[in-house]
Amino acid sequence: MSPAAGGAATAAVPVILTRALGKVYSAGSEAEVVALKGVDVRIMPGEFVAIMGPSGSGKSTLMNLVGCLDTPTSGQYLCDGVDVATLDAEELAVLRRDKIGFVFQGFNLLPRMSALENVAMPMGYANIRRAERLRRASEAMAAVGLQKREGHLPSELSGGQQQRVAIARALINRPPLLLADEPTGALDSKTGEEILALFQRLRDEGHTVVLITHDADVAAHCDRVLVMKDGELHEGTFQEGLHPQQGVRA
Amino acid sequence: MNVLEILRTAIFALRGNWMRSALTSLGVIIGIAAVIVMVSVGQGTQAEIDKMVSGLGSQRLDISAGSGRGPGGGARMSAGSFFTLTEDDVEAIRSDVQNVQYVAGALRGNTQVVFAENNASTSWQGVQPEFFDINNWELVQGDGFDAQDYSSAGKVVILGDTVRRTLFGDDSGIGQTIRLGRVPFTVAGTLKPKGQGGFGQDQDDVVMVPLETGRRRLLGSMGLPPGTVMQIALTVTDAKDLDFVQGEVEALLRQRHKIQPGEEDDFNVRNISQIVATRTATTNLMSKLLGAVAGICLIIGGIGIMNIMLVSVTERIREIGLRMAVGAGPRDVRRQFLAEAMLISLIGGVIGIAIGIGGALLVGKFSELPVELNAKVVGLAAAFAIATGLFFGYYPARKASLLDPIEALRQQ
């Protein structure tokens with residue numbers, strides 16, 4: 001638990017607050033899968049949190065729920081104070097647009113658009129004027145250190161650069177939450193380090209970053225680690241011998 | 001997303017696959033062009049019929065000799081029975097049937113007309129005075145026939161415009177002597193040109209002589225019974241009375257020809273409006289068939305759009321997932337794909353309209369078909385283009401909008 005985040009908890013609204021969050025797929029049928037069992041988690045603004053767990057542990061399910069791509073079957077999730085259970089698909093889209101910046105393992109840049117257009121793209125759905133969009137996209141590109149690559153197509157960029165573009169895109173609507181799903185998974189270790197350093201810098205600038213990974217080395221960069229196992233979330237360090245012990249960075 | 005932004009995104013997406021977009025819109029281009037050409041031809045034909053109706057008049061009845069089967073209608077009609085109408089029938093109609101405006105009997109045949117070294121083969125009509133009123137013939141020059149010409153079979157002739165031009169070029173020819181067959185005639189007048197008739201024939205390729213003249217000097221060898229006419233034409237004062245007059249005339253002629261109840265008429269009354277109605281029905285059918293062909297073209301074009309849009313949705317499933325993740329709602333996605341489909345069909349529509357107009361003009365210029373092109377047709381085509389895009393784009397767009405972003409992002 002980060003001391004800094006703990007101090008902010010008294011005043012601020014949690015970015016993520018779940019109460020007994022549960023998700024069951026194919027409920028009632030023979031193929032019923034309980035993916036998530038009563039997860040309680042509270043993440044405050046400015047935290048840099050890793051959610052770890054092996055595949056099948058339910059961490060993807062948790063990410064989809066936290067990312068407002070899916071709705072829970074039981075329990076409650078307040079995303080930056082908004083209860084997602086009552087929202088329809090359109091409202092969920094608006095919530096994702098305003099509250100969450102996604103960073104994916106595979107970057108997911110649109111191949112025919114320049115880096116700048118890719119970064120500006122989400123603002124199109126927020127009805128922000130094009131000139132303003134491009135100006136802010138340019139700022140975001142600068143913030144990730146790519147001001148000289150604005151006109152390049154994704155195919156003309158290295159993996160690390162592409163991921164930076166994706167991070168700039170995630171930041172563009174100034175969301176309270178950055179949600180990164182294996183952001184270093186497609187990168188070599190050195191580039192991965194650079195990306196993680198970028199996340200740390202963003203944390204220092206006040207962004208909330210939640211990073212989903214199966215890699216303990218990656219999780220070690222975070223201030224706080226949550227471990228998923230069999231649909232349950234455990235606070236703290238690496239119990240049950242899943243992973244080698246790593247110090248949690250303060 | 002505002003309209004401009006949707007449009008920009010759609011143009012961007014279409015440009016990325018411009019060859020495919022172009023080929024897809026080709027279906028719409030052909031469909032819309034077909035609609036314009038076909039509807040133009042249909043309208044042109046209908047306009048021609050309308051012209052024919054107003055030219056012939058719906059106040060007119062034509063009575064010809066022979067059975068109801070018409071000339072050539074079967075073996076029952078012998079040569080003798082063909083000439084059953086007489087000038088007395090004409091007079092009886094004039095005196096006994098009410099609401100008749102004009103009535104005239106006529107004979108006709110073909111002849112060679114000769115003036116100096118010019119000669120032409122044409123048809124002649126032997127007419128009674130009111131024939132000119134019934135057929136809306138007007139004299140442009142000359143005095144026409146006088147009573148003496150009618151009663152004493154005067155060798156006078158009135159020339160249709162085509163014949164006049166053939167014989168005299170730019171001159172009127174009034175007072176000149178020409179030969180019809182071997183008989184010399186004096187030109188007593190020329191007729192105002194009527195142009196092409198409703199059935200495409202040249203109405204001005206004709207000469208008129210008095211009825212008695214035609215019978216005595218031109219029919220000669222056929223040996224018609226005295227007083228016989230080949231046809232009687234009449235007009236009624238009011239078009240509403242046409243059916244009534246037709247009934248009266250039929251009754252009168254049956255009585256005069258001593259036809260027993262149940263026996264077949266030895267004459268045939270034709271109502272021009274009936275012919276027109278038949279012709280209109282035929283044209284309507286043709287228009288519908290042409291429209292159906294054009295419609296099928298458009299449907300095929302639309303299916304092309306739908307097909308390509310479905311492929312596009314499948315191809316870009318990851319893009320859709322990403323756009324949804326960063327805040328595109330189902331409505332945004334639906335609009336984006338709908339905009340692409342609409343754009344394909346709109347571009348196709350614009351090009352199709354251009355080609356259709358060009359095609360219709362070419363058809364009008366180089367073929368026999370009448371063409372009438374107007375803003376209504378073009379508007380109709382434009383509406384069809386938009387409707388095609390909407391109709392065939394909706395399903396793929398809806399399919400895209402209903403994608404689950406999680407599934408869509410997982411697709412490789």
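Tutor: A residue is buried if 20 or more other C-beta atoms lie within 10 Å of its own. In this predicted model, 41% of the 412 residues of chain B count as buried. Chain B has 13 helices and twelve strands. Among its contacts with a separation of 6 or more, 83% join residues 24 or more positions apart.

Now the pair of helices. Two packed helices are described by the angle between their axes and the distance between the axes. In chain B, helix α9 (residues 272-315) packs with helix α12 (residues 375-401) at an angle of about 30°, and their axes are 9 Å apart. Angles under 35 degrees count as roughly parallel, so α9(B) is roughly parallel to α12(B). The crossing of α9(B) past α12(B) is right-handed. On the α9(B) side, the contact includes B:Leu298, B:Gly301, B:Ile305 and B:Met309. On the α12(B) side, B:Phe384, B:Phe391, B:Tyr395 and B:Lys399 are among the residues that take part. By type, the residues of this contact divide into 13 nonpolar, five polar and one charged.

Chain B also touches chain A, through 18 residues of chain B and 19 residues of chain A. On the chain B side, α1 (3-16), α10 (317-325), α11 (330-366) and α13 (405-410) each supply at least two residues. The largest share, five residues, comes from α10(B). The side of chain B that touches chain A divides into nine nonpolar, four polar and five charged residues.

Note on methods. Residues are numbered from 1 along each chain as its sequence is written. Chains are lettered from A and ligands numbered from 1 in the order in which they are written. This is a predicted model: local features need pLDDT of at least 70, side-chain atom pairs count only at pLDDT 80 or more; totals for chains, interfaces and linings use all residues. Helices (H or I, at least four residues) and strands (E, at least two) are DSSP runs, numbered from the N terminus. A residue is buried if 20 or more other C-beta atoms lie within 10 Å of its own, exposed if 12 or fewer, and partly exposed in between; C-beta atoms are placed from the backbone. Two residues are in contact if their C-beta atoms, placed from the backbone, lie within 7 Å. Axes are lines fitted to C-alpha atoms, for helices over the stretch in contact, and angles run from 0 to 180 degrees between N-to-C directions. Angles under 35 degrees count as roughly parallel, over 145 as roughly antiparallel, 65 to 115 as roughly perpendicular and the rest as oblique. A crossing is left-handed if the near helix is turned anticlockwise from the far one by less than a right angle, and right-handed if clockwise. Ala, Val, Leu, Ile, Met, Phe, Trp, Tyr, Cys and Pro count as nonpolar, Asp, Glu, Lys and Arg as charged, and the others, Gly among them, as polar.
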